[in-house]
Amino acid sequence: MSGRTPTGACPERTCVGCRKRAAKTELLRIVAIKDACVPDPRGTLPGRGAYVHPAPVCLDQAVRRRAFTRALRAPGALDTNALRQYVEQTNVAEQATP
Ligand SMILES: [Zn+2]
């Protein structure tokens, strides 16, 4: 088309796992509900959001450095089991489809 669009046209966020910037649409939004990280693929849940690539490697890095706890300003450790399941399912689905 007409090449690169000017900055501001496409919102970017930083992945809390690998710390790389990516288009908001490529990242999965995470919100904290009570003491658990919940995936918010539609971006509709209220509250603070953290962004991560929907990939196990990025999730692992984020969990290891407690990036969600910091990014979501949680008072304590957050449960990431539901999030991990979501990411694993997403990746299985992507690999299964050609
Ligand atoms: Zn990442």
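**Note on the fold, its core and its loops**

1. Arg19 sits in the loop between strand E1 (12-14) and strand E2 (21-23). Strands (E, at least two residues) and helices (H or I, at least four) are DSSP runs, numbered from the N terminus. Arg19 has a phi near 65°, which is positive although the residue is not glycine. Arg19 counts as exposed because it has 12 C-beta neighbours inside 10 Å. The cut-offs are these: a residue is buried with 20 or more other C-beta atoms within 10 Å of its own, exposed with 12 or fewer, and partly exposed in between, with C-beta atoms placed from the backbone.

2. A word on the source. This is a predicted model, in which local features need pLDDT of at least 70 and side-chain atom pairs count only at pLDDT 80 or more, while totals for chains, interfaces and linings use all residues. Residue numbers start from 1 along each chain as its sequence is written.

3. Now the overall layout. The protein has three helices and five strands. Along the sequence they follow the pattern β-β-β-β-β-α-α-α. Of the 98 residues, 27% are buried. Contacts here are residue pairs whose C-beta atoms, placed from the backbone, lie within 7 Å. Among contacts between residues at least 6 apart in sequence, 57% join residues at least 24 apart.

4. Which strands form the open sheet, and in what order? Three strands do, in the order E4-E3-E5, with antiparallel pairing. The edge strands E4 and E5 each pair on one side only. Neighbouring strands of this sheet are turned by 40° against each other on average, direction ignored. Such angles run from 0 to 180 degrees between N-to-C directions of axes, which are lines fitted to C-alpha atoms, for helices over the stretch in contact. Two strands count as paired if DSSP finds at least two bridges between them. In general, strands of a sheet pair through backbone hydrogen bonds, either parallel or antiparallel.

5. Strand E3 (residues 28-33) is joined to E4 by four bridges. Three bridges join E3 to E5. Leu28 stands opposite Val52 in E5.

6. The hairpin of E3 and E4 has two residues between the strands. There, Lys34 takes a positive phi near 55°. Further on, Gly43 lies in the loop between strand E4 (36-39) and strand E5 (50-52). Gly43 is partly exposed because it has 13 C-beta neighbours inside 10 Å. Its C-alpha atom is 6.2 Å from that of Arg29, a residue 14 places away along the chain.

7. Which residues touch the most other members of the largest nonpolar core? They are Val16, Val52, Ala62 and Phe68, in a core of 20 residues. E3, E5, H1, H2 and helix H3 (81-96) each supply at least two residues of this core. H1 gives the largest share, four residues. A nonpolar core is a set of buried Ala, Val, Leu, Ile, Met, Phe, Trp, Tyr and Cys residues joined through C-beta atoms within 7 Å. In soluble globular proteins, nonpolar side chains tend to be buried together.

8. Setting aside neighbours within four places in sequence, Val16 is in contact with Ala50, Tyr51, Val52, Ala62, Ala67, Phe68 and Ala71.

9. Cys58, Leu59, Ala62 and Val63 are buried in H1. They lie on the same side of H1 because they cover an arc of only 135° around the axis. That arc is taken over the directions from the helix axis to the C-beta atoms. Val57 and Arg64, on the other side of H1, are exposed.

10. Arg66 lies in the loop between helix H1 (56-64) and helix H2 (67-71). Its phi is near 50°, again positive in a residue other than glycine. Is Arg66 exposed or partly exposed? Arg66 is partly exposed, because 13 other C-beta atoms lie within 10 Å.

Methods:
Two residues are in contact if their C-beta atoms, placed from the backbone, lie within 7 Å.
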